[in-house]
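Visitor: I am new to this structure. Please pick one part and take me through it closely, step by step.

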Amino acid sequence: MRNRNWLQASSSAEDAFSELKLQEYLSGSPASKASLVYFRRDASPSVDVFLEQLENSVGALRDYGISVLKVNCHQGEALGYCREDSSVGKAYLFKGHVLIRELPTDALFSVDAIVANVLFALLFNEVKYVATPEDLRNLENALRGQLDLVFAYVQAVGTAEHRVLMEAAFVYGSLHRFALTTEVMLLKSIHDEESDIPPSKLFFCHCKMAADPGQPCRRTLMEQPLTTLNVHKFLKLMGEPLVMEVTADPEKVSTAHLQLGLPLIFILTQKETLEADRRTAEFVAWRLLGKAGVVLLSRGVAGLDFLLRYNVAIKTAAEGVKYLILKDTDEIIALMESGKQSDHIPEYEEEEEEEEEAGESYEQEIQDDEVVESIVRDRRHELPLEHILTLTEESFSPTLANSDSVAVLFYASWEAVSLVMMQSYVEVAARLKGTPGVSLARVNCWDWPHVCTQQNVTQFPTIKTYEKGGRSLTYSRMWDTEEALRFIKLSRTSGPVRLTSPAEVEEYLSSKSLPPSPGVSILGLFDSSTHNAKESFVEAAEALNGHVMTGIYSGDDASVVAQKYKVPLPALLLVRPESSKRNVIHLSKSSTQDVAEVIRRALMDPFPEITVGNLPEYFQLQKPLLILFSSGALKQADEKEMRLLAREENHKSFLSCWLNLENTPVGRGILKVYFGSPLPPLPLLIWVNPHSGGKVFAFPSGQSITETNVLAWIEKLESDLEAPSTTLSEEDWKPRLPAYDFLSQMAPNLPEFTIYSWRSGHQEEAVANPGEKKAAEVREDLVEDSTVAELEKESPTGGDLRGTVPRLAAREKQAKRHMEL
């Protein structure tokens with residue numbers, strides 16, 4: 001209990017609740033003493049009831065150094081407190097002779113109400129009343145990184161629960177900040193509560209650890225009733241470390257949890273998986289905070305070799321230590337919350353591997369996931385991995401330090417999309433074979449989790465490129481050989497390339513001064529008057545590194561270059577490798593997002609061939625699609641007319657494109673949905689408007705495809721003068737079969753486990769400078785098909801209980817059978 005000099009009890013002379021004369025009160029009250037005084041003038045039944053409760057509170061308030069006094073007002077009536085109009089229905093709280101608060105006697109209806117209201121008045125600077133969710137957020141924000149907050153909802157001021165909170169605030173006020181409310185709506189804003197008059201609740205808000213400005217305070221609810229014993233027990237637990245790490249025999253380990261009658265959970269760990277196990281232990285500890293303690297126990301404890309068989313231990317004061325084999329963190333939590341720890345001790349049964357017969361049939365049932373189905377179908381196919389380095393925890397950093405440019409595929413050997421991507425990655429490696437300064441590597445995150453955690457890999461698969469000097473880029477496009485190859489090539493040049501003269505500009509536009517790069521190149525032109533647009537272009541170019549080649553020229557004679565291409569500054573020049581024509585774009589807006597959007601739109605083909613890979617990119621424009629379906633290459637006359645329809649004035653209102661059924665066979669299925677069987681003759685021009693309720697229109701077969709005819713036809717469509725060929729269903733696109741939880745069916749290979757947590761609140765990589773930080777902030781919005789995972793940084797999540805050693809053994813087994821891919 002903290003030291004409060006001004007509330008120290010004086011002596012045991014106050015054991016009785018006696019009546020003082022006014023002069024005795026004025027001459028005897030110490031200057032530093034807190035006292036609750038009732039100035040009595042006349043007797044009445046209601047006053048007698050109040051005085052009875054006041055007398056009963058003497059002992060309780062004396063524990064807090066507060067005197068309770070009754071003063072006879074029949075002498076010395078000149079004193080203001082004894083006047084009739086001021087003494088009726090009031091008691092007065094003093095510190096010495098200084099009035100702290102007037103308390104209406106009808107609010108002091110019981111001992112609980114007296115103690116609660118008196119302490120509330122004395123601690124008015126330390127216990128804040130909050131009325132709205134915004135008040136609570138502001139209080140938490142003010143305490144972030146400094147103190148934790150104990151926040152309670154009580155049904156009314158003066159109740160027993162209010163007294164419990166104020167007594168706790170008196171004891172723990174130097175350690176935590178306290179706040180309370182009686183507002184039901186405030187409680188419902190932070191806690192699911194169906195009752196109109198909910199019972200009192202107490203929350204511990206972990207604000208001290210929330211140092212980041214945008215990080216909210218986590219809240220832990222005390223699930224027991226709001227009593228003095230429960231509150232003191234709860235606050236004691238909140239002060240304990242979240243996770244302890246020990247190397248001792250669990251029988252000899254004791255913590256406050258055991259002393260308070262709660263179980264202790266030991267998560268067995270080893271050096272290879274310590275970081276992953278620590279994150280998972282933190283997840284379990286947060287979920288069971290106030291219900292159980294969590295300890296990381298090293299498997300290397302002398303004399304405990306049998307721990308290799310288990311992955312979790314639970315200790316209780318009554319039953320000692322029980323060693324268990326559990327599958328995942330959900331089982332740990334369910335075990336604790338059910339209160340049946342001793343009844344659930346799973347027996348481990350080692351699975352024997354089934355040998356494959358030489359002529360075994362690999363016919364599989366139809367899968368709802370075509371990616372998984374392709375892996376099952378091709379699982380005996382052996383991939384040539386000799387051109388791809390296999391990195392481990394030891395070799396990862398040295399390989400990056402000794403290479404000019406390294407592309408790394410982070411994957412999991414059990415995950416279907418990872419293995420499909422590995423096939424494309426092998427093709428990329430074959431295409432880049434012999435390219436100086438470029439290496440391709442892979443890291444199996446199931447075997448080397450620490451590497452993947454350090455590199456902020458939060459999903460499988462992930463491709464990252466690393467350049468000497470520390471720059472890294474993350475791939476976020478389609479899992480396709482050509483796209484991945486293009487990304488790796490472009491990532492070798494850090495944009496924007498700074499050009500210093502008109503001659504270098506011409507060389508850049510002719511691609512003579514740069515290494516060969518696929519796709520469109522962008523050049524930004526700026527002068528001294530367009531500084532803001534220039535900075536925005538630089539940030540957008542950094543965000544698009546790996547996706548487009550960018551250059552910049554901002555010399556004094558930039559206007560001369562701009563005049564040559566007949567465009568006002570600031571401007572962009574686009575160079576397409578298949579054309580000598582330079583497209584020019586004037587930048588009318590100068591924010592980073594606007595510039596990036598201009599670049600993104602400029603990269604799109606004005607008359608694209610629609611494929612499975614690029615359809616989402618064009619469909620998200622939300623424009624009507626004018627699609628010419630063909631079987632093979634377009635006829636020259638048709639292509640000419642379609643490109644006229646794709647001109648800028650038309651391109652603003654709809655997208656002109658084509659689909660080659662030979663390159664994209666799924667187009668036949670699309671036409672079958674539109675027209676049924678048999679399919680209409682090709683080429684066939686289709687109008688699909690996503691905003692028209694799924695209506696599909698076919699260009700009249702009797703008319704030739706010309707710009708004039710097509711525009712006249714579109715005008716009729718927009719005026720509702722044509723009937724649709726078909727109307728698409730508004731049915732949601734869903735998998736053919738219910739989702740199948742493959743991970744839950746995975747069985748361990750050996751009986752040694754530790755805990756892995758792959759959704760575990762990875763922190764974002766540090767950004768070297770403000771420019772890179774801004775680029776990182778806009779990258780997610782700028783780069784299409786982005787798959788950046790949203791993580792709860794402040795709350796790690798759990799995962800399966802699997803260990804490094806079993807996976808190493810399994811890897812040896814896979815190497816013999818060539819079955820990893």
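**A close look at the cysteines**

Guide: Start with Cys205, which is buried at a relative accessible area of 0%. Buried means under 20% relative accessible area, exposed is over 50%, and partly exposed lies in between, using a 1.4 Å probe and protein chains only. This is a predicted model: local features need pLDDT of at least 70, side-chain atom pairs count only at pLDDT 80 or more, and totals for chains, interfaces and linings use all residues. Residues are numbered from 1 along each chain as its sequence is written, and side-chain values use heavy atoms, leaving out hydrogens and water.

Now the pairs. A disulfide is a pair of cysteine sulfur atoms within 2.5 Å. By that rule there are two disulfides.

Take Cys207 and Cys217. Their sulfur atoms sit 2.3 Å apart, and they form a disulfide. The torsion about this S-S bond is about 120 degrees, so the disulfide of Cys207 and Cys217 is right-handed. Both Cys207 and Cys217 lie in the loop between strand E9 (201–206) and strand E10 (218–222), so the link ties together parts that are 10 residues apart in sequence. Strands (E, at least two residues) and helices (H or I, at least four) are DSSP runs, numbered from the N terminus. Both Cys207 and Cys217 are buried.

Next come Cys445 and Cys452. They form a disulfide as well, with sulfur atoms 2.0 Å apart. The angle about its S-S bond is -90 degrees, and the link is left-handed. Cys445 is buried, at 0% relative accessible area. Cys452 also counts as buried, because its relative accessibility is 0%.

Back to Cys205. Cys205 is in no disulfide. The nearest cysteine sulfur belongs to Cys207, 5.5 Å away. Cys657 is another buried cysteine, with a relative accessible area of 0%.

Finally, look at the strand whose residues run up to Asn444. That strand is E18 (residues 438–444), and seven bridges join it to strand E17 (residues 405–411). E17 and E18 run parallel. Asn444 in E18 is the bridge partner of Tyr411. Two strands pair if DSSP finds at least two bridges between them. Strands of a sheet pair through backbone hydrogen bonds, either parallel or antiparallel. Both strands belong to an open sheet of five, in the order E16-E18-E17-E19-E20, with mixed pairing. Its edge strands are E16 (389–390) and E20 (472–474), each pairing on one side only.
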